[in-house]
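Subject: Structure handover

Hello,

Here is the structure I promised to pass on. Please open it first, then read my notes below.

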Amino acid sequence: MLQTIIKHNSYQDSVVLMLLTSKINQLPEVSRVSIMMGTPANKDIFIASGFETAELAEASANDMVIMLDMADESQTETILTQIDEMIASQSEGSDQQTEEKITSWKAAVKKAPEAKVALFSIPGSYVALEVEKALDLGLHAFVFSDNVPIEDEVRLKQKAHEKGLIVMGPDCGTGIIHSIPLAFTNNIRAGKVGIVGASGTGIQEVSTLIHRYGGGVTNAIGTGGRDLSSAVGAISMIDGILALNEDENTEVITIISKPPAKEIEEKVMALLRNIQKPIVTIFLGVDPDYHEEDLYHAFTLDEAAQLSAKLVQQEAAIYQPAEALPIGISLTEKQTGIRGYYSGGTLAYEAAFLIEKAFGKLGESPEGYMLKTDEHEIIDLGDDLYTQGKPHPMIDPENRMNLLKAVVEDETIAVVMFDVVLGYGAHGNMAQEFANVIPEVRQALSAQDREVAFVATVVGTELDIQNFEQQKQILLDAGVTVCQNNVQMVQTALQLIGQTIELKAKEIIPRKASDQAVGKASPSLMSLLSSKPEIINVGLRSFTDSVTENNGKVVQFDWQPSAGGDVYLQKVLHFLDTLQLNGAK
């Protein structure tokens with residue numbers, strides 16, 4: 001029977017509640033469960049998922065709503081006790097130390113007067129106002145939160161720029177500030193490469209490969225995926241480039257972006273052509289046929305990483321892609337299809353355009369697919385279509401495990417590709433989740449006298465908490481072919497079905513002329529990049545782990561929406577507070 005339990009004024013982070021839902025769903029006595037805050041958007045998700053009840057309408061944005069469907073209602077209190085215990089364990093933090101509970105900006109800046117960055121992981125409908133407060137306090141903003149209107153992004157980034165600050169995000173999943181990893185980030189050795197990236201998993205893939213090629217990273221400035229759109233105009237990208245240009249610890253600058261607006265790409269390139277440091281660029285999906293002197297144009301993430309590392313090590317900047325790996329299985333005539341089940345959206349996008357390069361343009365793909373043809377499918381399971389009310393696939397394996405099991409039903413599949421992304425915020429042992437399912441799938445395929453190749457790439461380093469080599473070995477023991485990077489994985493899959501990609505060497509031409517002036521970075525931004533920053537973490541408590549484990553300082557701000565979650569009233573209150581403050585000056 002479906003029960004609606006509302007815990008009034010019990011705000012919890014959405015990621016915590018998603019993970020909690022996943023854990024409770026695994027209990028045998030629970031038929032189904034969904035736990036979210038009672039915001040209007042979440043109510044729509046509840047209803048679309050079949051959880052419509054009269055009680056739901058009464059919940060407010062500050063109320064935690066538990067939709068619990070159980071055959072035996074006598075077990076309800078036991079389940080609710082488990083929910084309370086799991087939430088309490090999240091609230092205690094990883095170090096289990098008693099600490100002062102901070103619930104206001106005033107208390108946060110009093111506790112951390114030297115703080116330079118506020119890290120946000122609160123619901124997108126609330127985050128713009130809180131970022132504005134942080135900027136008014138002189139803090140740079142790292143915005144993990146998504147679903148922020150683009151007009152708010154533009155306004156906040158312009159305000160930050162005018163104040164000599166930077167907004168990294170929204171929807172910024174990855175960053176490194178003076179060797180401090182932020183959000184979903186790997187442990188990377190300090191080095192001489194500085195990255196500015198409008199792609200979270202793009203930064204992860206490039207930075208981890210730079211590490212494994214023997215290099216290291218000074219700073220990795222995430223900008224959010226829309227920064228190079230026409231509307232935003234690369235505000236954060238350009239400020240980041242200017243800062244790395246002046247940073248004495250950065251010898252090579254690496255630029256990563258999802259497909260930019262053409263005029264914004266040209267604007268960024270005009271600036272880069274007048275910067276004297278060696279530069280590597282990758283605009284995903286663009287297939288350059290030349291480099292410029294000390295300005296290298298990569299086609300793949302691996303090429304960007306390899307060239308960056310070689311430039312620092314003063315080696316010839318010539319890309320040498322890893323060869324496709326042999327796979328010793330027999331395929332039937334019907335088995336011609338590639339499937340890619342990705343948790344990293346940028347890696348999925350790269351796989352899609354590499355397959356299109358091998359076969360030629362294959363046409364438009366429907367919503368939810370990076371690539372879908374009669375034979376091939378590449379899916380980003382981190383897309384909003386698959387994560388409504390569910391954790392990201394870097395955290396929760398459920399969606400990908402279901403797709404793996406469904407391989408048995410499709411006799412056209414020859415090879416399945418997948419990524420395992422390590423680092424802070426990611427699943428603690430994702431390789432084992434795959435290793436638990438793949439033998440079961442192999443056995444079912446064997447009963448049909450059929451084989452399918454399973455090919456993986458692991459994004460990470462030996463410094464990551466999940467243990468890079470151990471994750472690889474778990475996959476190898478499960479019969480998975482483990483590749484060095486995404487490009488090699490796609491090449492390996494293509495080779496199995498008789499295709500290949502030719503990655504040609506590029507000629508080097510003189511740098512093209514540009515009249516774009518190279519401006520100065522703000523003192524505040526230079527200060528941010530030159531030493532380990534103290535951070536105010538606004539939202540998901542687990543994001544403090546990457547800071548403290550790398551000897552950084554962080555203050556946890558246990559934010560909750562004011563004014564009953566009414567965004568309009570929150571803005572009115574902020575306006576009145578600002579008016580009162582200005583009147584007191």
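The centres of domain 2 and domain 3, taken over C-alpha atoms, are 26 Å apart. The contact draws 30 residues from domain 2 and 30 residues from domain 3. Please keep in mind that this is a predicted model. Between them, the two domains bury about 2200 Å². Carbon and sulfur atoms account for 58% of that area. On the domain 2 side, look at Phe184, Asn187 and Arg212. They supply 26% of the area that domain 2 buries against domain 3, more than any other three residues.

How many salt bridges are there between domain 2 and domain 3? The count is one. Separately listed is the salt bridge of aspartate 287 with lysine 357, where the closest N and O atoms are 2.8 Å apart.

For orientation, the chain is divided into domain 1 (2–91), domain 2 (123–320) and domain 3 (337–497).

Next, proline 288. Where is it found? Proline 288 sits in the loop between β12 (279–283) and β13 (290–292). Is it buried or exposed? Its relative accessible area is 17%, and the cut-off for buried is under 20%, so proline 288 counts as buried. Leaving out residues up to four places away in sequence, proline 288 touches His297, Ala298, Phe299 and Lys506. Serine 365 is 77 residues from proline 288 along the chain, and their C-alpha atoms are separated by 24 Å.

Helix α9 (residues 262–272) also deserves a look. Its buried residues are Ile264, Glu265, Val268, Met269, Ala270, Leu271 and Leu272. These pack against α8 (235–246), β11 (252–257), β12, β13 and β14 (295–297).

Strand β7 (residues 174–177) is covered on both faces. Thr174 and Ile176 are buried on one side, Gly175 and Ile177 on the other. In a regular strand, side chains alternate between the two faces of the sheet. Strand β8 (residues 180–183) runs antiparallel to β7, and four bridges join the two. Threonine 174 stands opposite alanine 183 in β8. Two residues lie between the strands of this hairpin, and histidine 178 takes a positive phi near 50 degrees.

Last, an open sheet. Its five strands follow the order β6-β5-β4-β22-β23, and the pairing is parallel. Which strands stand at the edges? They are β6 (167–168) and β23 (554–557). Each has a single partner strand, so one side of each is left without a neighbour in the sheet. Further in, strand β4 (residues 115–120) pairs with strand β5 (residues 140–143) over four bridges, in the parallel sense. Valine 117 of that pairing stands opposite histidine 140 in β5.

Over to you.

Best wishes

Terms used:
Residues are numbered from 1 along each chain as its sequence is written. This is a predicted model: local features need pLDDT of at least 70, side-chain atom pairs count only at pLDDT 80 or more; totals for chains, interfaces and linings use all residues. Side-chain values use heavy atoms; hydrogens and water are left out. Buried means under 20% relative accessible area, exposed over 50%, partly exposed in between (1.4 Å probe, protein chains only). Two strands pair if DSSP finds at least two bridges between them. Domain bounds come from an automatic or database domain assignment. Contact means heavy atoms within 4.5 Å. Buried area is the accessible area (1.4 Å probe) that two parts lose on being put together, summed over both. A salt bridge is a side-chain nitrogen of Lys or Arg within 4 Å of a carboxyl oxygen of Asp or Glu.
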